[in-house]
Amino acid sequence: MKARALLVPGLACLVLLGATCWHRQRPAVLAAVRAPEGLGQRAYGHVAALVGFGARHTGSTGWSQALGYISKTLLEMGLSPKLDRWTDPREGIYFTNVTVTLPGSHPDKIVIGCHHDTKCTTGHTDPAHNFHFVGANDSGSGVGLLLELARVLKEQTTRRATVELVFFDGEESLSFKWDLSRALFGSRRYVRQYQQSLLDDPQGPKIRAFMLLDMVGGKDLHLDDDLNSDTELKKIVMRAAQATGHQQWFFANRSKVTDDHLPFLEARIPSIDLIDLETNNHWHKPTDTLDNIAAQSLHLVGEVVLTALPGFEERLFPAERKH
Ligand SMILES: [Zn+2]
């Protein structure tokens with residue numbers, strides 16, 4: 001991440017249009033889904049491994065090591081990660097997205113994502129923009145939590161939704177100051193590929209919702225009420241936070257965030273960004289280090305995500321036909 005308070009023109013209208021497509025329903029009662037013991041600690045361990053690789057901006061040695069770590073960890077879980085590597089013609093550098101698909105009984109998907117690149121803090125003309133940066137929270141935390149969610153979601157046998165986990169490359173703006181035309185490379189590519197797949201096969205699987213995890217491990221956690229995120233999904237996540245008793249960490253601060261959820265919103269896919277930006281004192285600073293994140297934060301966000309998913313399914317997936 002990302003720019004604060006940057007609105008894509010027309011976005012609010014798209015969100016509104018998307019929202020009116022839904023039938024009015026009574027809110028689902030969400031039962032708390034407890035994360036397995038040690039989930040937060042294991043996620044923290046992944047972040048420690050990533051931080052050990054150092055800076056992970058696209059093309060760096062640490063970035064390459066992080067990609068290897070993500071793939072290896074998923075393979076060790078018995079999953080089949082897919083790597084999508086491409087060159088951006090204007091930037092002339094390679095990007096790599098990693099996806100893993102966890103089938104449900106319905107082919108349509110809920111996509112959960114994070115970015116794996118870190119902010120590039122080297123080679124800028126302004127010396128103030130060059131410093132040692134390891135991105136423990138931004139976005140080691142998202143990667144660590146998503147890896148552990150993969151382990152849990154793989155074992156769920158009654159889920160309707162197919163869940164796709166995506167580790168996006170190139171979220172961060174290549175220029176130090178936010179420049180939308182030089183950011184969100186991985187998510188834009190993923191959504192373009194999805195749109196092409198629907199042109200090729202209009203009956204193919206649809207993405208019904210997108211949830212983004214970005215800076216979800218802060219010791220002093222405050223996940224923002226992002227005004228770009230879908231209102232209905234935010235309500236479901238808040239109910240999940242209440243069901244698990246974690247509501248105090250959710251949606252106290254308003255923000256309007258430009259992040260990997262924007263390409264999904266522009267494609268009219270209901271999307272939510274769980275992000276701690278507005279009061280994050282370590283954002284894009286040398287202090288975004290392991291000692292400023294906490295396993296407990298990763299654990300509680302994991303519980304809320306696991307509790308919210310059945311709410312997303314209830315809201316967005318057609319009821320099973322009874323014969
Ligand atoms: Zn960032």
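Leaving aside neighbours within four places in sequence, Gly217 is in contact with Val47, Asn137, Ser141, Ile293, Ala294, Ser297 and Leu298, two residues being in contact if their C-beta atoms, placed from the backbone, lie within 7 Å. The structure is a predicted model, in which local features need pLDDT of at least 70 and side-chain atom pairs count only at pLDDT 80 or more, whereas totals for chains, interfaces and linings use all residues. Residues are numbered from 1 along each chain as its sequence is written.

Gly217 lies in the loop between strand E5 (207–214) and strand E6 (223–226); helices (H or I, at least four residues) and strands (E, at least two) are DSSP runs, numbered from the N terminus. Gly217 counts as buried because it has 30 C-beta neighbours inside 10 Å, the cut-offs being 20 or more other C-beta atoms within 10 Å of a residue's own for buried, 12 or fewer for exposed, and the range in between for partly exposed. Gly217 and Gly140, although 77 residues apart in sequence, are 8.6 Å apart in space, C-alpha to C-alpha.

Helix H8 (residues 295–316) has 22 residues and reaches 31 Å from its first C-alpha to its last, close to the 32 Å expected at 1.5 Å a residue, where the expected span is 1.5 Å times one less than the number of residues. Of the 22 residues of H8, 18 are buried, so this helix is largely enclosed by the rest of the structure.

Helix H2 (residues 39–52) has 14 residues and a span of 20 Å from its first C-alpha to its last, close to the 20 Å expected. In H2, the buried residues are Leu39, Gly40, Arg42, Ala43, Tyr44, His46, Val47, Leu50 and Val51, and these pack against helix H3 (61–76), helix H4 (136–154) and H8. H2 is followed by Gly54, whose phi is positive, near 80 degrees.

The axes of H2 and H8 come within 7 Å and cross at roughly 120 degrees, axes being lines fitted to C-alpha atoms, for helices over the stretch in contact, and angles running from 0 to 180 degrees between N-to-C directions. H2 and H8 are therefore oblique to each other, given that angles under 35 degrees count as roughly parallel, over 145 as roughly antiparallel, 65 to 115 as roughly perpendicular and the rest as oblique. The crossing of H2 and H8 is right-handed; a crossing is so described if the near helix is turned clockwise from the far one by less than a right angle, and left-handed if anticlockwise. Leu39, Gly40, Gln41, Ala43 and Tyr44 in H2 meet Ala295, Gln296, Leu298, His299 and Gly302 in H8. By class, this contact has 5 nonpolar, 5 polar and no charged residues, where Ala, Val, Leu, Ile, Met, Phe, Trp, Tyr, Cys and Pro count as nonpolar, Asp, Glu, Lys and Arg as charged, and the others, Gly among them, as polar.

The axes of H4 and H8 come within 10 Å and cross at roughly 50 degrees, which makes H4 oblique to H8. H4 passes H8 in a right-handed crossing, and the contact is made by Ser141, Gly144, Leu145, Glu148, Leu149 and Val152 of H4 and Leu298, Val301, Gly302, Val305 and Leu306 of H8. The residues of this contact comprise 7 nonpolar, 3 polar and 1 charged.
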